[in-house]
Structure formats: C-alpha cells, structure tokens
Amino acid sequence: MKKKKSVAKSKPKPKMKASPKPKKGTAGTDDIISLILRDHEPIKKLIKSLSDIEIEIEKKRPLFLQFEKVLTQHAKAEEESLYVHMKEEDDLCIEGLEGDTEHAIAEQLMAEIGEIKNDDDLWMAKVKVLAEIVDHHVKEEEGEIFKQVRKEFDQSERIEIGKEYVQQFNMYSESENAPKVRPLIEISRQGFYV
Ligand SMILES: [Fe+2]
Ligand SMILES: [Fe+2]
C-alpha cells in the first residue's frame, strides 16, 4: 500500500490540478461520487442479506466471502483516492481520518470472522456487528461526506479523483493483496459448511 500523505494543517494546501471541463452530456459520469454510489450498491445488498435473520448461516457464509471481496476492493480504492484528497483539505481532514479508521475496524473484524472455525453464534454476532458498522459508514458517506465533497471539490476535480479511484480499484483487483476467496470445496473440506 502507498504511504499516506502527511497532513500539515498549518501550511496552505495547493489545490489539485483541474482537468478541462467535461463535454456536455458526459458531465458527472466518472465523478468520484457517481463511482462510489455505483460500488456501494452491491455492498448495500449484501449488508441487507447478512443482516437478515431469516437467512441461515450456511447461506450467509458464501455471502460473507463475497462481501469481504467487494468491500475490500472498494475501501482500498477509496482510501487511496478520495480519502487522500480529503485529508489534504482542512474542512475534510478529520472525516478522511475517520473513514480510514472505520475501514480498518471493518478489515480487522473481517479477519476475525475468517478465523472463526466452530462457533456459529460468535460468527453470526461478529457478522451482524460488521454489517451494522459498514451500513452506518456507507450512510454517512452518502449523506454528510458527499455534501462536503461537493462543496470542496468542483466537478473537474471530482472527475480527476474518480480516475484515481478507478485506477486503484483495477490495480487492487489484480494485486496479491486482494483477499482470496477460497473455493467452496476447500471450505467444505474444513467443515465450515456442506
Ligand atoms: Fe468508505
Ligand atoms: Fe465507500
């Protein structure tokens, strides 16, 4: 992972270089906000399923693996694009740091869930808490954070950040750091579920 930029609040921060205005009709398509909203959709659907008490654990296990994969790819790309720029802005620095922290908590929880072998109640409890944390995080981003992002970055800047997000998103999917989804046969052999 790239080294995070340090935040020097005392110095005025240079504004990022804006690209030319997008052509009419394409405005907003690759804006960082549109891209994040798009990638939040599968995450929100999985949160709903993981929180659904009617869905049994055997069905939730593969959903969790899918959730871990899509959430990690999105979160890493977000940290390395939007959050880096948020931390360079006085008015969004704290929110950027909070975002990093919430991502780290979710990552830690996912690692713990992956380690649980023979305790269904503990697995369900941790998955429920994970779903609640990520649900809260996503709602906060789509509400207050995006409102501030629109205020701090104009459309050209948001498109530039969107390009960085896509680059990181694609890079991460090819990287060795991406969580490996274990084949179902292997999980079954370990007795996780049949
Ligand atoms: Fe986030
Ligand atoms: Fe997000």
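Good morning. I begin with Val-166, which lies in helix α5, residues 155–174. Helices here are DSSP runs of H or I with at least four residues, strands are runs of E with at least two, and both are numbered from the N terminus. With 15 C-beta neighbours inside 10 Å, Val-166 counts as partly exposed. By definition, a residue is buried if 20 or more other C-beta atoms lie within 10 Å of its own, exposed if 12 or fewer, and partly exposed in between, with C-beta atoms placed from the backbone. Val-166 is 88 residues from Glu-78 in sequence, yet their C-alpha atoms are 9.4 Å apart in space.

This is a predicted model, in which local features need pLDDT of at least 70 and side-chain atom pairs count only at pLDDT 80 or more, while totals for chains, interfaces and linings use all residues. Residues are numbered from 1 along each chain as its sequence is written, and chains are lettered from A and ligands numbered from 1 in the order in which they are written.

Let me turn to confidence. The predictor's confidence in each residue, pLDDT, runs from 0 to 100. Its mean over the protein is 82, and 74% of the residues reach 70 or more. Residues 17–28 stay under 50, and the model has 13 contacts for them beyond four places in sequence. Over residues 180–194 the pLDDT is also below 50, and that stretch has 11 contacts beyond near neighbours in sequence. Two residues are in contact if their C-beta atoms, placed from the backbone, lie within 7 Å. Where pLDDT is low, the predicted coordinates should not be read in detail.

Now the overall fold. The protein has six helices and zero strands, and along the sequence the pattern reads α-α-α-α-α-α. Of its 194 residues, 26% are buried. Among contacts between residues at least 6 apart in sequence, 76% join residues at least 24 apart.

What forms the largest nonpolar core? It has 15 residues, and those with the most contacts inside it are Leu-50, Ile-113, Val-127, Leu-130, Ala-131 and Val-134. A nonpolar core is a set of buried Ala, Val, Leu, Ile, Met, Phe, Trp, Tyr and Cys residues joined through C-beta atoms within 7 Å. At least two residues of this core come from each of α1 (32–51), α2 (57–86), α3 (93–115) and α4 (120–152). The most come from α4, which gives five. A second, separate core of 14 residues includes Ile-36, Ala-77, Leu-82 and Phe-153.

Next, α4 itself. Its buried residues are Trp-123, Val-127, Leu-130, Ala-131, Val-134, His-137, Glu-141, Ile-145 and Val-149. An α-helix has 3.6 residues a turn, so residues three or four places apart point the same way. The cover over the buried residues of α4 includes α1, α2 and α3. Leaving aside neighbours within four places in sequence, Leu-130 is in contact with Ala-106, Leu-109, Met-110 and Ile-113. On the α3 side, the buried residues are Gly-96, Gly-99, His-103, Ala-106, Met-110 and Ile-113, and their cover includes α2 and α4.

How do the helices compare with their expected spans, that is, 1.5 Å times one less than the number of residues? The 23 residues of α3 should span 33 Å, and its end C-alpha atoms are 34 Å apart, which agrees. With 33 residues, α4 reaches 45 Å from its first C-alpha to its last, close to the expected 48 Å. By contrast, α2 has 30 residues but its end C-alpha atoms are only 38 Å apart, short of the 44 Å that a straight helix would reach.

Two kinks should be noted, where the bend at a residue is the angle between axes fitted to the seven residues ending there and the seven starting there. In α2 there is a kink of about 40°, centred on Glu-79. In α4 there is one of about 45°, centred on Ile-145.

I close with two further residues. Lys-69 is in helix α2, and is partly exposed, with 17 other C-beta atoms within 10 Å. The C-alpha atoms of Lys-69 and Ser-173 are separated by 9.2 Å, although these residues are 104 apart along the chain. Asp-30 is found in the segment before α1. Leaving aside neighbours within four places in sequence, Asp-30 is in contact with Leu-35, Ile-159, Gly-162 and Lys-163. Thank you.

Notes. Expected span 1.5 Å × (residues − 1).
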